Amino acid sequence: MHQLPYRSDRRQGGAVRPGAALAPMSRRALLLAAACGLPGLAGAQAAGYPQRPVRLVLGFPPGGATDNSARVVAQKMAEFLRQPIVVENKPGASGNIAAEAVARSAPDGYTLFYTTSTIHGINPNVFAKLPYDPVEDFEPVLYVSRTLLVLLTRNDLGAGSTDELIRLAKSRPGTLSYASAGPGSTQHLAGALFCRQAGIDALHVPYKGSSPALTDLMSGQVDFMIDTISASATFIRAGRLRALAVSGLDRSPALPQLPTIDAEGVKGYNVAAWGGFLVPKGTPAPIVQALNSAGNQALRSQEVVSRAAETGSELQGGTPEEFGKFIRRELASWKLAVAAAGVPKQ
């Protein structure tokens with residue numbers, strides 16, 4: 001594990017002055033250093049990193065499950081980096097606005113991006129044209145967490161299991177409705193895939209985010225929804241929603257009493273949401289490693305572990321290279337899921 005270089009010592013006139021600032025470096029020089037593998041330039045840029053607050057860009061509104069999870073990890077990372085991490089929410093276009101802003105930012109380590117399975121898995125497969133390249137415009141930093149989804153119904157629907165929900169939907173084709181956090185969202189794709197694999201016809205009702213969708217599900221405006229455990233766990237425990245099954249091939253430690261949708265008869269159904277950190281392409285490797293080290297340390301902290309247990313998230317960690325490979329696999333996997341669910345290009 002790389003140790004974080006919290007401050008640099010710079011020799012001036014035969015004396016060493018701790019914490020001295022490095023000379024400014026142009027973006028062009030930084031890119032050349034990274035591209036040509038010049039350790040002197042890239043290493044010099046990273047030696048005193050970070051010397052000011054780091055900006056964390058989120059593609060979703062504050063207060064949601066993704067926002068809360070990212071903030072918890074970022075707050076702990078800031079302690080290891082010894083600099084604040086300032087969150088900037090840029091919601092809109094399913095996270096594409098934020099992704100584009102980060103892709104165009106200076107690759108100096110002071111812009112960090114929390115991406116998700118929506119932004120770097122689904123969006124490239126449902127949007128005909130994106131303002132960023134999900135692979136070429138970013139450097140992977142850290143795979144943070146994975147969250148299974150849960151099949152939910154309103155309490156008075158009269159379906160106490162996945163099989164009962166499917167039979168009810170088949171008896172009333174086209175009349176049941178399922179909510180999502182918006183067109184092309186994880187919830188939308190998960191719901192569409194469930195309907196297709198279960199052989200049912202249900203109406204998709206998109207919302208502007210998971211919170212309003214869950215609110216209408218609890219009030220009976222829609223019939224069912226597939227959402228992340230992290231977003232819905234509080235309502236499940238409070239008895240405001242009925243949870244039927246989880247979306248992975250194995251049961252979730254957060255809701256061990258629930259079977260999987262696959263085990264309930266919808267064979268092969270396996271969907272999960274995830275999140276992780278990226279930086280703009282060309283960010284020097286030593287800075288990427290410093291962020292990765294801080295992130296891995298944060299994931300081992302008691303505060304983050306406890307929070308993950310509360311929300312049903314499964315912490316991951318690992319190297320930037322492993323996260324990069326994971327993203328490529330996810331892009332291919334969601335492409336197949338989008339095709340199977342028949343979700344059209346937007």
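These legends walk through several close-up views of a predicted model. Local features are described only at pLDDT of at least 70 and side-chain atom pairs only at pLDDT 80 or more, while totals for chains, interfaces and linings use all residues. Residues are numbered from 1 along each chain as its sequence is written, and side-chain values use heavy atoms, with hydrogens and water left out.

**View 1. Helix α5 meets helix α12.**
Here α5 (residues 117-126) packs on α12 (residues 320-341) at an angle of about 45°, with the axes 8 Å apart. Helices (H or I, at least four residues) and strands (E, at least two) are DSSP runs, numbered from the N terminus. Axes are lines fitted to C-alpha atoms, for helices over the stretch in contact, and angles run from 0 to 180 degrees between N-to-C directions. This angle makes α5 oblique to α12; angles under 35 degrees count as roughly parallel, over 145 as roughly antiparallel, 65 to 115 as roughly perpendicular and the rest as oblique. Look for Ile-122 and Pro-124, among the α5 residues in the contact, and for Leu-331 and Trp-334, among those of α12. Contact means heavy atoms within 4.5 Å.

**View 2. Helix α7 also packs on α12.**
The axes of α7 (residues 186-198) and α12 are 8 Å apart, at an angle of about 55°. The two helices are therefore oblique to each other. From α7 come Thr-186, Leu-189, Ala-192, Leu-193 and Arg-196, which meet Trp-334, Ala-337, Val-338, Ala-340 and Ala-341 of α12.

**View 3. Strand β7 is covered on both faces.**
In β7 (residues 177-180), Ser-177 and Ala-179 on one side and Tyr-178 and Ser-180 on the other are all buried. Buried means under 20% relative accessible area, exposed over 50%, partly exposed in between (1.4 Å probe, protein chains only). Four bridges join β7 to the parallel strand β8 (residues 203-206), and Pro-206 of β8 is the bridge partner of Ser-180. Two strands pair if DSSP finds at least two bridges between them.

**View 4. Ser-185 sits in the loop between β7 and α7**.
Ser-185 counts as buried because its relative accessibility is 7%. Leaving aside neighbours within four places in sequence, Ser-185 is in contact with Ile-122 and Ser-180.

**View 5. Helix α9 and the glycine just after it**.
Along α9 (residues 229-237), the buried residues include Ile-229, Ser-230, Ala-231 and Ile-236. Just past this helix, Gly-239 takes a positive phi of about 80°.
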